[in-house]
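Trainee: Could we go through this structure together? I would like to begin with a single residue and then turn to helices and strands.

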Amino acid sequence: MAQTQGVLTYPEIGGQSDALAAAWKQLEAQQEWISQFIGNSSFDEVIFIGSGTSYYLAQTAASTFRKWTGRSGAAYPSSEIFLFREQAVPPGKRVLLVGISRSGESTEVILALESVKDLPDWTICSITCDEESTMAKLAPYLLSPLGKEKSTVMTKSFSSMTFMLQAAMARAAGKTEQLKQLQEAVELSAGVVSKADETAKELISGHPELNKFIYLGMGSYYGLAQEACLKIKEMSCVWTESFGTMEFRHGPKSVVEPGTMVCLLLSETARNYEIKVAQEMKEYGAHVVIITADKGGDTGFADLVFETGGRALSDEARAVLYMPLVQYIGYYTALREGRNPDSPRNLTQVVKI
């Protein structure tokens with residue numbers, strides 16, 4: 001019998017390596033956008049906004065922006081800007097507002113951009129996968145050429161737009177080393193995607209007892225952890241949460257018991273500290289999964305260590321390599337639960353209000 005579930009989502013997860021390569025090439029044609037917006041040092045604050053997955057993308061973008069450019073940047077849900085702008089941004093600042101939306105049709109991001117476009121101290125721009133969208137017509141945009149998706153959940157669109165914003169930041173700041181690292185990430189991506197598919201399939205099929213899923217990350221990986229949580233929640237409707245790695249030890253760890261998968265998106269910046277958290281969760285009975293550049297003697301206790309390669313890369317440049325495994329985990333868990341990843345319950349591809 002032909003498979004009828006996940007026929008859209010599966011190839012879109014698998015297509016993210018091509019989407020990264022296309023985003024890299026597209027940036028060459030959009031240097032003017034980079035100079036006018038992300039690379040324009042006259043702004044006091046750069047604010048990245050989105051809704052759902054796009055908000056988690058904004059968090060990773062803001063973390064990367066602060067580190068790579070040395071400038072002030074923040075991330076907010078789109079609704080915070082058009083409903084609570086005075087609480088988010090103090091007056092008197094010259095602000096660049098970067099809208100993030102795969103479809104460019106999300107009501108909240110459009111309302112946010114429209115709410116400030118005529119204010120004297122605000123400038124708007126955007127990143128999308130659809131150049132014909134309402135947002136693209138409203139705000140000058142970066143385009144992820146192969147990020148557009150037919151499925152409801154965001155997979156390759158998230159990875160390609162994250163990567164594209166990071167590459168724009170590296171170009172804007174003249175960070176040649178970071179650009180080399182991002183190019184290496186593109187080269188590693190295809191192998192990571194293929195390996196992640198088989199690894200996730202074996203993990204979920206081999207451990208039917210797993211019924212709680214927790215994702216941990218810090219720094220630029222905190223947004224990734226939230227997105228990983230959302231992916232499995234959207235596709236499979238299982239019990240899942242995400243936390244800052246160190247914060248998980250302050251109360252939330254009480255939910256850990258046998259049948260709990262704890263997935264650590266391991267940074268090199270805080271590796272020693274984060275490993276200790278994962279070890280503690282193992283002692284409580286968790287099935288520990290670690291995503292990392294490569295194994296070390298310190299990861300031997302884990303039930304699964306997924307290696308992306310690229311140990312010499314910065315945490316930020318390696319970020320998109322962490323996504324294929326968590327996306328496939330969501331996909332295979334949905335199939336295990338008898339759900340169609342292409343049509344999550346209660347969800348539509350574009351959220352409008």
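Mentor: Let us begin with Thr60, which touches Thr162, Gln166, Ser220, Gly223 and Leu224, leaving aside residues up to four places away in sequence. Contact here means heavy atoms within 4.5 Å. Please note that this is a predicted model, in which local features need pLDDT of at least 70, side-chain atom pairs count only at pLDDT 80 or more, and totals for chains, interfaces and linings use all residues. Residues are numbered from 1 along each chain as its sequence is written, and side-chain values use heavy atoms, with hydrogens and water left out.

Trainee: Where does Thr60 lie? And is Thr60 buried or exposed?

Mentor: Thr60 lies in helix α4, residues 53-69. Helices (H or I, at least four residues) and strands (E, at least two) are DSSP runs, numbered from the N terminus. Thr60 has a relative accessible area of 0%, so it is buried. Buried means under 20% relative accessible area, exposed over 50%, and partly exposed in between, with a 1.4 Å probe and protein chains only.

Trainee: What about Glu227, is it buried or exposed?

Mentor: Glu227 counts as buried because its relative accessibility is 0%. Glu227 belongs to helix α10, residues 221-236. Leaving aside residues up to four places away in sequence, Glu227 touches Thr53, Tyr56, Met154, Phe158 and Met323.

Trainee: Which place does Cys237 have?

Mentor: Cys237 sits in the loop between α10 and β7. Cys237 has a positive phi of about 60°, although it is not a glycine. With a relative accessible area of 30%, Cys237 is partly exposed.

Trainee: Now the sheet, please. In what order do the strands come?

Mentor: The order is β7-β6-β8-β9-β10, five strands in an open sheet with parallel pairing. Two strands pair if DSSP finds at least two bridges between them. At the edges stand β7 (239-244) and β10 (304-307), each with a single partner strand, so one side of each is left without a neighbour in the sheet. Neighbouring strands of this sheet are turned by 15° against each other on average, direction ignored.

Trainee: How many bridges join β6 to β7?

Mentor: Six bridges join β6 (residues 212-217) to β7, and the two run parallel. Within this part of the sheet, Ile214 stands opposite Glu241 in β7.

Trainee: Which strands does α9 lie across?

Mentor: Helix α9 (residues 176-206) lies across β6, β8 (260-265), β9 (287-292) and β10, and runs at about 165° to β10. Axes are lines fitted to C-alpha atoms, for helices over the stretch in contact, and angles run from 0 to 180 degrees between N-to-C directions.

Trainee: And how do α8 and α9 cross?

Mentor: The axes of α8 (residues 156-172) and α9 come within 9 Å and cross at roughly 155°. That makes α8 roughly antiparallel to α9. Angles under 35 degrees count as roughly parallel, over 145 as roughly antiparallel, 65 to 115 as roughly perpendicular and the rest as oblique.

Trainee: Which residues make the contact?

Mentor: Phe163, Gln166, Ala167, Ala170 and Arg171 of α8 meet Gln178, Leu179, Leu182 and Val186 of α9.
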